[in-house]
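Hi everyone, thanks for coming along.

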Amino acid sequence: MKITKYLIGGLAALALVGCKDKMRELNTNPDTIGETDPRYLFLNSMQDFDWPSRGYLQVVPQNVGALMQYVAYYNGASAGNYCNQQAMSYASPSNISYNYDWWEGVGKGMVTIMTYIDDNMDEIEAQRYQDLRAICGIVKVYEAFRVFQNYGANVYTQAFKAITEGITLPEYDIFDVEMYEKLDDELAGYIAVLEQPANENTVQLNEYDPIYGYIANPAMGAPSARGDYETQRTLWKKFANSYRLHMAWVMRAADGARFSQVLPQVLASGVYESADDGAFSFLNGGENNGGPYNCAEAAQISTNYAVTDNFVSYLKELDDPRLPLLARANNLYEANKALQWMKAYFPDSLKFHDYYNRETKQWEDNVSWGGVLDFEADPMMAYQGVSANPGDVNISGPGQFWGVRDFTFRFYAPGYVPNGDNDNLGPWTVTNQGTPTEDFPATWTIYNPDTSFTIEMGSRPQGRYWVAAGGAQYGVASEGNGNGYDGSIDDRWSIFFRQPVYTYPEFCFMMAYLTLDGENTGSKSAAEWYEDGVKAAMEELQAEAIRYGVQVATNTEHTYYTEATGTRYVNPEIKGINDNGVYAIDGSMISSYLSANALSSAADQKEAVVGQMWIYSYRQPQKMWDWWRLTGYPKVVDVNTPADRPTGLYWVQPSTEADGTVLTWPRRGALPQPEAANNANYNAARDELLKISGYGSTYNETTGRIFWDKQGL
């Protein structure tokens, strides 16, 4: 009896926009299954893979990206991103969505398809779909492992069996070595299917596969169908082997024996060999209501955040050419009229400023800026970060970090009294200290008793990696399709975002780290894995910047105009960056970088590898959470002033602004409650987790650890 048909109808209703032709084929092609083609179910389940809802793409950098110290809120880093153990206040990377993806989304979809093949087809027909079943199984394990890894428990063995076995209130599986080995054995079984030649008359997944069924367009535009099924199934095998090794690495400290089995097995079966092997999901940038990469979203990541000082400083220390593609230029550029005005009438304001000494609690007059405003001598001052420490939120000035993104310069009429009655002091006149021009004459009259200019010191993140065309914060769609804070892209539907799932650079960095740890990773040395990873990471970022229309990489215009906003400098001209055309990372830049930052010359080679993963994970910060827990890098350092910055890779020790209470990072998530009806089993799982050493005394004490997390113990 075809008992799954009732589930299928609900899934089929989730049709992808633009799939009407495929639906017509399903209704008219005699070679397709009469009721439902499982390939179409796969396409529906895997659309927007890893990103379940509109706007979700921006939420991850705002939450996990801040925790991994890539970005901070424009008005100061938030203590709420961290754990305050003294106050028993615990945070977690709540927006990683792993549990939702498993229980309500992709995991459920994969099991439904596998059950459909097993229970609704005769043996001959089911054999034609064994490739698809194996691929569904690979995705199933991928989804489930992330829940186990980060929460310590998951509904797995009894999951999704309400119809087939009548289990409406499934019990939870607690994650332990036995559960991991079951997952690993299951994944190995799916890999074994793809290792063998495809069955006769195998139904080819082809364009129904949004991961490997398409090849990215080298320019902006829709990906093209791969059209080579043999390569497609081989790529799924490589993905499964590569991710199987990642799982084994996560578990290595808890199950070293299984790691020693997995490593030679996956190397023999076939792992990633080039950037083309990596797994990505494609998201479209138009205004569809459900799209995660949606140009109709407010550009929150660009307007409300700044990159961090330690991230920018690390990139500058390495002379890393990725910086302009990751961060937007701040307001320190020659065409800035506010800076030109200050240079003309108050030139010393760009050299000196009063400074409040927090130790002596006294103001010090005319303290040197120390060159941080001297963008003419150092154009890279256009790229600066704000402190990742919430304790620095109320500081900004000479010799200090930028506690917030913006700094306001104020100029007062002679005789001005703070908080006094100064209404009678205007108008007043200032004199040009340099050469008068039409824009800046010999004298300038100011009609209020004071005047001010707010300058963005912290650089904003390049927002187009998270919201199509920069979002809808300022642009007016009716005015030439102007859309987005950072300029216009006329046809937002032509933007196709490639979200990394598991890619070649991160695989290379894992292999480099394992090699440094004494593991035999095949014919490559740690340095070769490292170099391959860096090269692929840079080439990937350069290509993505073009695909998404990142202004510095695609636009020779520096301003953008609409009637609603006037003229805005959306792509400032920075000497040595985009003053002679668009910015691009080319092969010679990559070669020079690898020569200057050779792994062999690093004082701490493991740190150097993790540093590259930190840079690469900018667009997928949840990956860095894994790496920090596995390796202990970056080191966490108390850094009070820019003069205290250490060399190498580091995170800033966070603290509260009010009393300096030391904050820390979560090491796990708190197991979410998916369905209230299953509370008894949910509570039983929580009780079991609390019995595990190191998990914590309460379920939401996220500074505790899942059993595999032994780093630093």
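Let's begin with the overall layout. The protein is divided into domain 1 (36-52 + 95-284) and domain 2 (297-652), with bounds that come from an automatic or database domain assignment. Before going further, a word on the model: it is predicted, so local features need pLDDT of at least 70 and side-chain atom pairs count only at pLDDT 80 or more, while totals for chains, interfaces and linings use all residues. Residues are numbered from 1 along each chain as its sequence is written, and side-chain values use heavy atoms, with hydrogens and water left out.

Back to the two domains. Their centres, taken over C-alpha atoms, are separated by 38 Å. The contact between them takes 38 residues from domain 1 and 37 residues from domain 2, where contact means heavy atoms within 4.5 Å.

Now let's look at the spaces inside. A cavity here is a set of points, on a 1 Å grid over the protein atoms alone, where a 1.4 Å probe fits but cannot get out; lining residues have an atom within 4 Å of a point. Grid points are joined across faces, edges and corners, and a volume is the space filled by probe spheres set on the points. By this rule there are eight cavities of 30 Å³ or more, and the largest cavity has a volume of about 120 Å³. It is lined by 14 residues, of which Tyr243, His246, Glu506, Lys623 and Asp626 are the closest to its centre.

Which elements give two or more residues to that lining? They are α8 (130-151), α10 (229-251), α16 (504-516) and α21 (622-631). When I say helix or strand, I mean a DSSP run, numbered from the N terminus: H or I with at least four residues for helices, E with at least two for strands. The largest share of the lining, four residues, comes from α8. Each of domain 1 and domain 2 supplies at least three residues to the lining of the largest cavity. By class, this lining has seven nonpolar, three polar and four charged residues. For those classes, Ala, Val, Leu, Ile, Met, Phe, Trp, Tyr, Cys and Pro count as nonpolar, Asp, Glu, Lys and Arg as charged, and the others, Gly among them, as polar.

Let's zoom in on one of those lining residues. Glutamate 506 sits in helix α16. Is glutamate 506 buried or exposed? Its relative accessibility is 2%, so glutamate 506 counts as buried; the cut-offs are under 20% relative accessible area for buried, over 50% for exposed and partly exposed in between, with a 1.4 Å probe and protein chains only. The side chain of glutamate 506 makes a polar contact with the side chain of lysine 623 at 2.9 Å. A polar contact is a pair of N or O atoms within 3.5 Å; within protein, one must be able to donate a hydrogen and the other to accept it, and residues adjacent in sequence count only if both atoms are side-chain atoms. A polar atom of the glutamate 506 side chain also lies 3.1 Å from the backbone nitrogen of threonine 503.

Next stop, helix α13. Because seven of the nine residues of α13 (residues 309-317) are buried, this helix is largely enclosed by the rest of the structure. Its buried residues pack against β7 (305-307), α14 (323-326), α20 (605-616) and β18 (650-652). Among the buried residues of α13 are Asn310 and Phe311, and those two are also among the contacts of glutamine 69, leaving aside neighbours within four places in sequence.

Glutamine 69 itself is found in the loop between α4 (56-67) and β1 (71-73). At 0% relative accessibility, it counts as buried. Its side chain reaches the backbone nitrogen of valine 652 at 2.8 Å.

Finally, some backbone details. After α13 comes aspartate 319, in the loop between α13 and α14. Aspartate 319 has a positive phi of about 50° although it is not a glycine, and it is exposed, with a relative accessible area of 65%. Asparagine 419, in the loop between β10 (406-412) and β11 (428-431), also is not a glycine and has a positive phi, of about 65°. Asparagine 419 is exposed, with a relative accessible area of 85%.

There are cis peptide bonds to point out as well. One runs from glycine 426 to proline 427, with omega near -5°, and another from tyrosine 633 to proline 634, with omega near 0°.

Conventions
On a 1 Å grid over the protein atoms alone, a cavity is a set of points where a 1.4 Å probe fits but cannot get out, and a pocket is an open set with protein on both sides within 12 Å along at least five of seven lines; lining residues have an atom within 4 Å of a point.
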